[in-house]
Amino acid sequence: MNPPSVVYLTGGAQGIGLGIAEHLLARGDCVALTDIDAEALAECRERLGHPERLLAMVSDVRDERQVAESIATAVTRFGRLDGVIHNAGLADPFQGPVEALDLATWQAYLDTNLTGAMLCAKHAAPHLRESRGALVLMASTRALQSEPDTEAYAASKGGVVALTHALAISLGPEIRVNAISPGWIEVGDWQKAASRMPVEHRAVDRDQHPVGRVGQPKDVAAMAAFLLSDDAGFISGQNLVVDGGMTRRMIYAE
Ligand code: NAD
């Protein structure tokens with residue numbers, strides 16, 4: 001699948017998803033993006049432009065009917081589906097001490113980050129089989145390592161990594177399935193106006209990355225575009241870490 005192609009993207013109105021949408025539109029793709037935040041969607045339509053190649057829909061990845069309907073709408077509008085990126089997520093990794101973690105919070109993380117991925121795969125699979133397309137799921141380096149008080153987020157992303165290899169085996173050879181595990185990606189100035197928060201990074205923030213900087217949405221977008229493309233035709237079931245090398249640094253206490 002090489003551009004121009006049709007890509008369905010969840011959580012595309014802000015943050016990494018908005019960066020992915022911008023990247024895909026710039027290379028000529030048609031993008032059907034969804035988000036639960038109507039205000040952010042309205043702003044992203046303005047920002048992204050290309051109304052002839054952009055479809056921005058309110059849809060909740062936790063709701064099977066909404067996922068099915070928004071995928072069907074994308075196929076009706078653009079005539080086919082070549083790629084799917086499940087990026088929508090509850091992105092704050094901190095849920096507080098496990099002793100005080102309430103079940104509703106735990107469930108909310110699993111519903112959005114993990115169940116949402118399964119629902120996208122389920123309803124996109126018939127279309128991706130037809131186009132011999134690709135599916136990309138957003139995991140996290142927190143699937144591989146942790147800070148304290150991040151049980152729900154880490155478990156949801158660990159589930160995404162496992163779901164990725166399961167789907168790759170079930171849906172191949174027609175569909176390739178891969179995960180991206182971003183590290184620290186700064187999305188403060190990629191939010192809707194009401195919650196935009198440009199962030200200055202300290203030297204210590206930059207220096208813990210072997211590449212000397214914190215990540216940007218375009219770093220993840222480039223990987224997503226590659227994984228959707230025919231250049232990634234021999235890659236499936238993998239978890240690609242995009243973290244500026246941060247998780248490769250070994251730390252011993254002084
Ligand atoms: P973000 O909060 O900036 O953007 C997430 C978007 O998803 C928002 O627009 C939000 O409205 C939408 N969303 C939330 N719940 C939804 C739902 N139920 N249905 C549809 N849309 C929904 O977050 P981000 O930092 O851009 O993160 C994007 C993805 O990348 C998430 O899956 C996150 O876990 C992952 N990730 C982010 C980082 C990082 O450092 N930013 C690192 C690792 C992984």
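Helix axes are here lines fitted to C-alpha atoms over the stretch in contact, and angles between them run from 0 to 180 degrees between N-to-C directions. On this basis, in the predicted model, the axes of helix α1 (residues 15-26) and helix α7 (residues 217-228) come within 8 Å and cross at roughly 55°. Angles of 65 to 115 degrees count as roughly perpendicular and those under 35 degrees as roughly parallel; α1 and α7 are therefore oblique to each other. Their crossing is right-handed. On the side of α1, the contact is formed by G15, I16, G19, I20, H23 and L24, and on the side of α7 by P217, V220, A221, A222, A224 and A225.

The crossing of α1 and α2 is right-handed. Residues L18, A21, E22 and L25 of α1 meet C44, R47 and L48 of α2. By class, the contact of α1 with α2 comprises five nonpolar and two charged residues, with no polar ones.

With regard to the overall fold, the protein contains seven helices and seven strands. Along the sequence these elements are arranged in the pattern β-α-β-α-β-α-β-α-β-α-β-α-α-β. The radius of gyration is 17 Å, close to the 18 Å given by the globule rule for 254 residues, so the protein is as compact as a globular protein of that length. Taken along the principal axes, the box filled by the C-alpha atoms is roughly 60 × 40 × 40 Å. Of the 254 residues, 49% count as buried. Among contacts with a separation of 6 or more, 74% are accounted for by residues 24 or more positions apart.

One of the residues in helix α5 is V160. At a relative accessibility of 0%, V160 counts as buried. Apart from residues up to four places away in sequence, V160 touches N113, L114, L137, M138 and A139. The C-alpha atom of V160 is separated by 32 Å from that of E52, and the two residues are 108 residues apart along the chain.

Backbone geometry was also examined. Most residues other than glycine have a negative phi, and most peptide bonds are trans. The peptide bond from G172 to P173, by contrast, is cis, with omega near 0°. P173 lies in the loop between α5 (151-171) and β6 (176-182). A positive phi, near 45°, is found at H50, a residue other than glycine. H50 belongs to the loop between α2 (38-48) and β3 (54-58), and is partly exposed, with a relative accessible area of 34%. Phi is likewise positive at R132, where the value is near 55°. With a relative accessible area of 53%, R132 is exposed.

Conventions
Residues numbered from 1 in each chain as written. Predicted model: local features only at pLDDT ≥ 70, side-chain atom pairs only at ≥ 80, totals over all residues. Heavy atoms only, no water. Helix = DSSP H or I, 4+ residues; strand = E, 2+ residues; numbered from the N terminus. Parallel < 35°, antiparallel > 145°, perpendicular 65-115°, else oblique. Left-handed = near helix turned anticlockwise from the far one by under 90°. Contact = heavy atoms within 4.5 Å. Rg over C-alpha atoms; globule rule 2.2 N^0.38 Å. Buried < 20%, exposed > 50% of the residue type's maximum accessible area, 1.4 Å probe, protein only. Nonpolar A, V, L, I, M, F, W, Y, C, P; charged D, E, K, R; others polar.
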